[in-house]
Amino acid sequence: MKKEFKIGNKMVGGNHPCFCVAEMSGNHLKDYDRAVEIIHAAKEAGADAIKLQTYTADSLTVDSDKECFVNHGGLWDGMTEYQLYQEASTPWDWQPKLKEVAEGLGLECFSSPFDFAAVDFMTEYDMPAYKIASYEINDIPLIRKAAGTHRPIIFATGVAHAEDIERALAVCREEGNDEVMLLKCVSAYPTPYEEINLKMIPTLAETYDCTVGLSDHSMGSAVPVAAAALGIKMVEKHLTLRRSDGGPDGAFSMEPEEFKEMVTNIRIVEKALGVSEYRLTEKQERERHGSRSLFVVKDIKAGEKLTSDNVRSIRPHDGLHTMYYEEILGKTASCDVEMGTPLSWEMIR
């Protein structure tokens, strides 16, 4: 699989900065102007992209109140699947206009398709990537359809067994699509911190030879910032204007100020990561002048012995290395040496 590729006009993976994605989901609350406001907030918060979801309630489930279709506990307690998806869906006729707004601000705009019609719709409007949601990673026909577009495919792995990931990647390879990313994810809303297992990020990258990111539903920015130190190349967080505004996903979404703080801290971590080989920076090399070396600390006459009383290890680094301290003790000075002089071999016989 490719380690770097383009999503729209932005390079993702490799040595490129983490691709920060604001997930709108249902936080528009069925208000187009609010959706536009969220896109502007994402841009101001430092996002690289806005992500939508392209589905209807009928493309995800059926309108039934049988027990298996009813949510129990959590944010959506008592709602049927159909009711939830009706409330959270983004009208399809908005999406080309929202994409235009986003691109006008320099943001990429892509989506998650949930059926063949959604893939065709996204292709028609030239969306630059396809994000396969966690619960769709076992929908092989959908994955094959999306991979066949030869656009980047981003898999959330929130409920995936190893064989689900392997099968999904195999389908992409069969379709000749090697622009694939895996997102470490936990499908719990919000996600308890103890269930996140960030240590899996390097494991996913090594096991599947893929670029890896994070789709995070935990509260706050600590988890994505920590994940940046583990090498993620994309982070996806839900964004709303204010959690108190409500909506299906509002309770675990970031507010714009929080998203901005997350992006800022991820960029700090990226700078701080540096390189893996052991070497000093130019500044550190300059600062070595402040380290210890051997100096004459009392006036010494020619022929006088060097002792612990007249030679010491002190700052800065202008004299002989301190590793010669025992070697030079008891030797004699070859000339008069004034206190405060860095010791050198020419002064010793």
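**Around K131**

Guide: K131 is found in strand β6, which covers residues 130–132; strands (E, at least two residues) and helices (H or I, at least four residues) are DSSP runs, numbered from the N terminus. Residues are numbered from 1 along each chain as its sequence is written, and side-chain values use heavy atoms, with hydrogens and water left out. The model is predicted, so local features need pLDDT of at least 70 and side-chain atom pairs count only at pLDDT 80 or more, while totals for chains, interfaces and linings use all residues.

K131 counts as buried because its relative accessibility is 5%, where buried means under 20% relative accessible area, exposed over 50% and partly exposed in between, with a 1.4 Å probe and protein chains only. Leaving out residues up to four places away in sequence, K131 touches K51, F110, S111, S112, P113, I154, A156, L183, S215 and E236; a contact means heavy atoms within 4.5 Å.

From these partners we can look further. I50, F155 and F259 have the most contacts inside the largest nonpolar core, a group of 61 residues (a core is a set of buried Ala, Val, Leu, Ile, Met, Phe, Trp, Tyr and Cys residues joined through side-chain atoms within 4.5 Å). Helix α1, residues 32–44, gives the most to this core, with 6 residues.

A cavity is a set of points, on a 1 Å grid over the protein atoms alone, where a 1.4 Å probe fits but cannot get out, and its lining residues have an atom within 4 Å of a point. The largest cavity holds about 40 Å³ of space, its volume being the space filled by probe spheres set on points joined across faces, edges and corners. Of cavities of 30 Å³ or more, the count comes to 2.

Strand β9 (211–215) also meets helix α9, whose buried residues pack against it and against α8 (200–208), β10 (234–238) and α10 (256–273). Those buried residues, within α9 at 222–229, are V223, P224, V225, A227 and A228, and just after this helix G231 takes a positive phi of about 100°.

Key
1 Å grid on protein atoms, 1.4 Å probe; cavity = no way out; pocket = protein on both sides within 12 Å on 5 of 7 lines; lining within 4 Å.
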